[in-house]
There are 2 protein chains.
Amino acid sequence: MKVSELSELSDVSIASIKFYLRERLLFAGTATSATRSDYDETHLARLRLIRALIEVGGLSVAAARGVLAAIDDSAMPIVDVFGIAQRAASVALTPSAQPSAQPSAESLERVDRLKSERGWQTSELDPGALITARVLDTFAAIGRGDLLALLPSYAAAAEMVAHADLAAVTASGPDRRPMVETVVVGTALGDALFAGLRRIAQEDMARRLGLPGSSLSPRTTDNSSRNVER
Amino acid sequence: MKVSELSELSDVSIASIKFYLRERLLFAGTATSATRSDYDETHLARLRLIRALIEVGGLSVAAARGVLAAIDDSAMPIVDVFGIAQRAASVALTPSAQPSAQPSAESLERVDRLKSERGWQTSELDPGALITARVLDTFAAIGRGDLLALLPSYAAAAEMVAHADLAAVTASGPDRRPMVETVVVGTALGDALFAGLRRIAQEDMARRLGLPGSSLSPRTTDNSSRNVER
């Protein structure tokens, strides 16, 4: 198919397609003349994956290039793909945080203790520990050490989600390609998926607790008919 | 204190402080001369909160201004502050997603069904449902409808986290100010906190499952001494 068709089917502008080609996220089509190339289904699938990572997962172009290269490198162990995907999606998470900003020893120790409590074993400098410790530092900086009380529930929930993540990876095996794609997509989009569900659950719970001035309560009645077992 | 002292104590550059003053995120100090102002502890606390929201929470300046205004507006019901914080932190989450991009009716219906299954009641267009539906659309677009299997575990985990979130809000009452601050900080930083813990749990589980080519396994031995009950 022509680039115009590829653009239409993928809902990605021709300018963006050319940008992704230049940036080597999308592999070149088959040249049919000096100025034209032919594209196929593999280009379409790749474009949709690029869009998912950048537009919904929030990855930078450089981060997306890194995880796509990891998917393409059939010799790379899946665990290493996990690490690359985690790091890529972590940049999207705390965009302005300096990568050089090292969390305090105290917060890293707190994370280490949590890992012991839960029996979690990881490499020394996993990206997750750095992100977690940075948030704990922020709680301390704004004088809200009381928010450490969130840790046990968050950790239990994280374990539940990680279990589902790994089950999805295993279920998409035994071929490497769908497995690593699950790793990358699950890591990049899982944060957004969880955050969306957390917001729904929060709104429901804020209403149940009758937080002061709940302006939403009248709608409870309107919705009650929808709350039936299916 | 002088602006230089404020900068030192908050670890925010003088240029950034002046920017936050211009952008009305930070309220003005008391003028002591035509070119100098005096700042106090309230400015320092506010600056640390601004930093937490923007640098760790990933909020835009406009979004941070919105949630700070919500904190300051003592007449605003806490449930409304929740809504504003959720929307502000959602922009940070899917930065490139067009706000106009409406999820498909099919995905919105899937989210609605999930809400029924869990007995969640929310307003019609809660930000969480839009984020969740957009992720489901993305799964469909890349031909990975199988990842819908993640939903039940993610939803159960989200409920657990939302429960902890609301408990933290209630625990910081009965005064309005710490309660709304918990809402804002918890919403903006909770995503990062959870994502960090999820990554740690993922790494631990990838290792346990012995995913193909786990290059990390030798380190398990190094760490085993840390995995003791305390």
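Me: A salt bridge is a side-chain nitrogen of Lys or Arg within 4 Å of a carboxyl oxygen of Asp or Glu. Which residues are linked in a network of salt bridges?

Reply: This is a predicted model: local features need pLDDT of at least 70, side-chain atom pairs count only at pLDDT 80 or more, and totals for chains, interfaces and linings use all residues. Residues are numbered from 1 along each chain as its sequence is written, chains are lettered from A and ligands numbered from 1 in the order in which they are written, and side-chain values use heavy atoms, leaving out hydrogens and water. The network links Asp165(A), Asp191(A), Arg198(B) and Arg199(B).

Me: How many salt bridges are found across the interface of chain A and chain B?

Reply: Over all chains, the whole structure has 28 salt bridges. Glu181(B) and Arg144(A) form a salt bridge, 3.5 Å from N to O. Across the interface of chain A and chain B, the number is eight.

Me: Which helix gives the largest share of the side of chain A that touches chain B?

Reply: Helices here are DSSP runs (H or I, at least four residues), numbered from the N terminus. Those giving two or more residues to this side include H3, H8 and H9 of chain A. The largest share, 27 residues, belongs to H9(A).

Me: How many residues apart in sequence are Asp72(B) and Arg177(B)?

Reply: These two form a salt bridge, with their closest N and O atoms 3.6 Å apart. Asp72(B) lies in helix H4 of chain B and Arg177(B) in helix H9 of chain B, so the pair ties together parts whose separation in sequence is 105 residues.
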